[in-house]
Amino acid sequence: MDAVTDLDHHGDAELAPGLVDLAVNVRAGTPPPWLRAVLHEALDDAAGYPDARPARAAVAAAHGRPVDEVLLTAGAAEAFTLLARALRPRRAVVVHPSFTEPEAALRAAGHPVERLLLEPPGYLLREVQEDADLVVLGNPTNPTSVLHPVDAVAALARPGRVLLVDEAFADTVPGEPASLAGRRDLPGLLVVRSLTKTWGLAGLRVGYAFGPADLVAALAAQQPHWPVSTPALAALVACTTPAARAEAGAAARALTGDREALLAALPPAVEVVGTPRSSFVLLRVPDGARVRAALRDRGWAVRRGDTFPGLSPDHLRVAVRDPATSVAFAADLAAILDPALPVTPAFRDLPRIPEEIR
C-alpha cells in the first residue's frame with residue numbers, strides 16, 4: 001500500500017442527514033446530563049483565559065503520574081501534530097492498519113514514514129525494525145478493534161526510541177488491561193488518551209498525553225498559549241473523578257454485551273476480522289464497495305476500510321450500538337448479500353442523523 005492512501009478520510013465523512021450512524025465510534029447517548037451541566041456551567045467562566053492547572057493536576061492524580069509528565073491537548077489528534085513538530089526521527093515506523101492521523105501529521109511535517117503492515121486474519125503485533133527511533137501504534141487499534149497484549153507493546157520501548165501508543169479507545173475495554181498510562185519505567189513512552197469516545201465530546205476537542213517530563217515539555221513548546229478551552233478543561237476535571245471513571249467502567253462492561261449481540265446477528269457471509277475488543281468491529285464482505293453503497297441506500301452509514309493502509313474496499317468498520325440497532329443493521333446487511341431476503345421493518349424506527357446536520 002503506497003503513500004497515496006487517503007489519510008485524511010475519517011468516519012464523520014460518511015455521515016449524511018437521515019442515516020443511522022455506524023461510522024463514528026463515539027458512544028451513543030452522550031454526553032450524559034451531568035456532564036452537559038458541567039459544560040454549561042463552564043461557559044460562565046469563558047470570558048477569562050483558560051487555567052489548565054486544575055485539570056492537569058486532576059488527570060495526573062487519576063493516573064498516578066507527576067504533573068510534569070502530563071500534557072493536555074486540544075483533542076488526542078493534536079498530540080500527533082505536536083510530536084511531528086518536536087521530533088526529528090531518523091526512522092519513523094507506523095504500525096498499520098491503524099488510525100491515520102499520526103502518519104498524516106508526520107508526513108505534513110516532512111518526515112519520511114515507513115509502514116509496518118500487520119497481517120490478517122488476526123492483525124497481531126509483530127517485531128518492529130530494531131533501528132526505528134519512533135514507533136507509533138494504537139491499542140486497542142482503530143480500525144481492527146484488536147487489543148495487543150500489554151507485554152508485547154511494552155517490549156517495543158527502548159532507550160533512543162519514542163514509542164507513541166494511541167490509547168484513545170483504552171477505556172472501552174473493561175479494566176483497561178493493556179493500558180500503559182501508568183508506566184513510568186519504559187523509556188521514551190508517550191501514551192495519548194481522549195475523552196471523545198466514551199463521553200461524546202468529539203466537538204469539544206479534549207485529550208491528554210503521558211510521557212517523560214522532557215518529552216512532554218518539548219511537545220508543550222510547540223503549542224500556542226491556552227491550547228485547551230475552558231469547557232474542555234472542565235470536562236477533564238469532571239471525567240477523571242472516581243464517580244466518572246466508575247461510570248466509564250460500567251459503560252465498557254455494557255459495551256461488551258452489545259458487541260456480542262452485533263457479532264451474533266451478523267449473517268454467515270460476513271467475516272469478522274480479528275478478535276474485536278473495542279467499540280467497533282471490522283468486517284470483510286464480498287464486493288464491499290457495492291455493499292457499502294447499498295447500506296447507504298437503506299439508511300446506514302458505515303466506515304469504509306480502504307483508506308486504512310493494509311485494508312481493502314471489502315473492509316467495513318461498524319460501530320457497536322444497542323442490540324436492537326445491531327439486529328436491524330444485520331438484517332439489512334443480510335438482505336443486501338442475499339437479495340431474496342426482505343428489508344427489516346424494525347429499521348424504520350431507529351434514530352437517524354438529524355436533517356439539520358449538514
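Which residues of strand 13 are buried on one side and which on the other?

## Strand 13 and the basis of the model

H315, R317 and A319 are buried on one side of strand 13, and L316 and V318 are buried on the other, so that both faces are covered. Buried means under 20% relative accessible area, exposed over 50%, and partly exposed in between, with a 1.4 Å probe and protein chains only. Strand 13 spans residues 315-319, and five of its five residues are buried. In a regular strand, side chains alternate between the two faces of the sheet.

The model is predicted: local features need pLDDT of at least 70, side-chain atom pairs count only at pLDDT 80 or more, and totals for chains, interfaces and linings use all residues. Residues are numbered from 1 along each chain as its sequence is written, and side-chain values use heavy atoms, with hydrogens and water left out. Helices (H or I, at least four residues) and strands (E, at least two) are DSSP runs, numbered from the N terminus.

Four strands make an open, antiparallel sheet in the order 9-10-13-12. Strand 9 (271-272) and strand 12 stand at the edges with a single partner strand each, so one side of each has no neighbour in the sheet. Two strands pair if DSSP finds at least two bridges between them.

Strand 10 (residues 280-284) is joined to strand 13 by five antiparallel bridges, and V281 has V318 as its bridge partner. Strand 12 (residues 303-304) is joined to strand 13 by two bridges, with R304 partnered by L316. Two bridges also link strand 9 to strand 10, where V272 is partnered by L283. Helix 9 (residues 242-265) packs on the sheet, touching strand 9, strand 10 and strand 13, and its direction makes about 15 degrees with that of strand 10.

## Helix 3 and helix 4

The axes of helix 3 (residues 76-86) and helix 4 (residues 101-108) come within 8 Å and cross at roughly 35 degrees. Axes are lines fitted to C-alpha atoms, for helices over the stretch in contact, and angles run from 0 to 180 degrees between N-to-C directions. F80, T81 and A84 of helix 3 meet E101, P102, A105 and L106 of helix 4, where contact means heavy atoms within 4.5 Å.

## E69

E69 lies in the loop between helix 2 (53-63) and strand 2 (70-73). E69 is buried, with a relative accessible area of 9%. Leaving aside neighbours within four places in sequence, E69 is in contact with R184, A209, F210, G211, A213 and V216.
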